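Let's take a friendly walk through a few spots in this chain. Have the structure open and follow along.

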Amino acid sequence: MRRMSNLAFNQDFPVASGRSGLKAESPVVLGRDLENPFDVDAVGVWLEDIPGIPLGWLYRKDSNRPVVLQALDRGATIQGRIVLRPSSVTRQQRQKAVLFWL
């Protein structure tokens with residue numbers, strides 16, 4: 001099933017990764033972020049070519065998060081891609097989202 005979730009962007013990602021921008025359609029992997037000190041059930045989103053630091057996380061109240069956690073606990077590998085959607089705030093800003101299949 002096709003699913004889409006907004007991405008809570010990791011503000012430390014640009015400095016830690018050396019990347020200043022994010023391309024739409026970039027491949028990502030979803031997994032438990034065991035290093036997250038604020039949320040024991042954090043679902044991290046990593047760019048496939050930068051596995052050292054999460055690009056961001058699924059929001060805690062995201063309706064897809066429980067299903068993702070169940071799939072990860074069963075050993076599933078969840079891959080997806082970055083989608084840039086128009087923001088509801090301004091037309092110039094783009095909301096980062098992750099598109100994936102379960």
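Which backbone nitrogen lies 3.0 Å from a polar atom of the side chain of Asp39? That nitrogen belongs to Asp41. Keep in mind as you look that this is a predicted model.

You will find Asp39 in the loop that links strand E2 (27-32) to strand E3 (43-47). Asp39 counts as buried because its relative accessibility is 12%, and the cut-off for buried is under 20%.

Besides the Asp41 backbone nitrogen, the side chain of Asp39 has a polar contact of 3.5 Å with the side chain of Arg60. Setting aside neighbours within four places in sequence, Asp39 is in contact with Asp33, Arg60 and Arg65.

## Strand E3

Five of the five residues of E3 are buried, so the strand is largely enclosed by the rest of the structure. In a regular strand, side chains alternate between the two faces of the sheet. In E3, Val43, Val45 and Leu47 are buried on one side, and Gly44 and Trp46 are buried on the other.

E3 pairs with E2 in the antiparallel sense over five bridges, with Val28 standing opposite Leu47. E3 also runs antiparallel to strand E4 (residues 56-58), joined to it by two bridges; here Gly44 has Trp57 as its bridge partner.

## Thr77, an exposed loop residue

Thr77 sits in the loop between helix H2 (65-73) and strand E5 (78-86). With a relative accessible area of 65%, Thr77 is exposed. Its C-alpha atom is separated by 9.4 Å from that of Leu102, which is 25 residues away along the chain.

Technical notes
Residues are numbered from 1 along each chain as its sequence is written. This is a predicted model: local features need pLDDT of at least 70, side-chain atom pairs count only at pLDDT 80 or more; totals for chains, interfaces and linings use all residues. Side-chain values use heavy atoms; hydrogens and water are left out. Helices (H or I, at least four residues) and strands (E, at least two) are DSSP runs, numbered from the N terminus. Buried means under 20% relative accessible area, exposed over 50%, partly exposed in between (1.4 Å probe, protein chains only). A polar contact is a pair of N or O atoms within 3.5 Å; within protein, one must be able to donate a hydrogen and the other to accept it, and residues adjacent in sequence count only if both atoms are side-chain atoms. Contact means heavy atoms within 4.5 Å. Two strands pair if DSSP finds at least two bridges between them.
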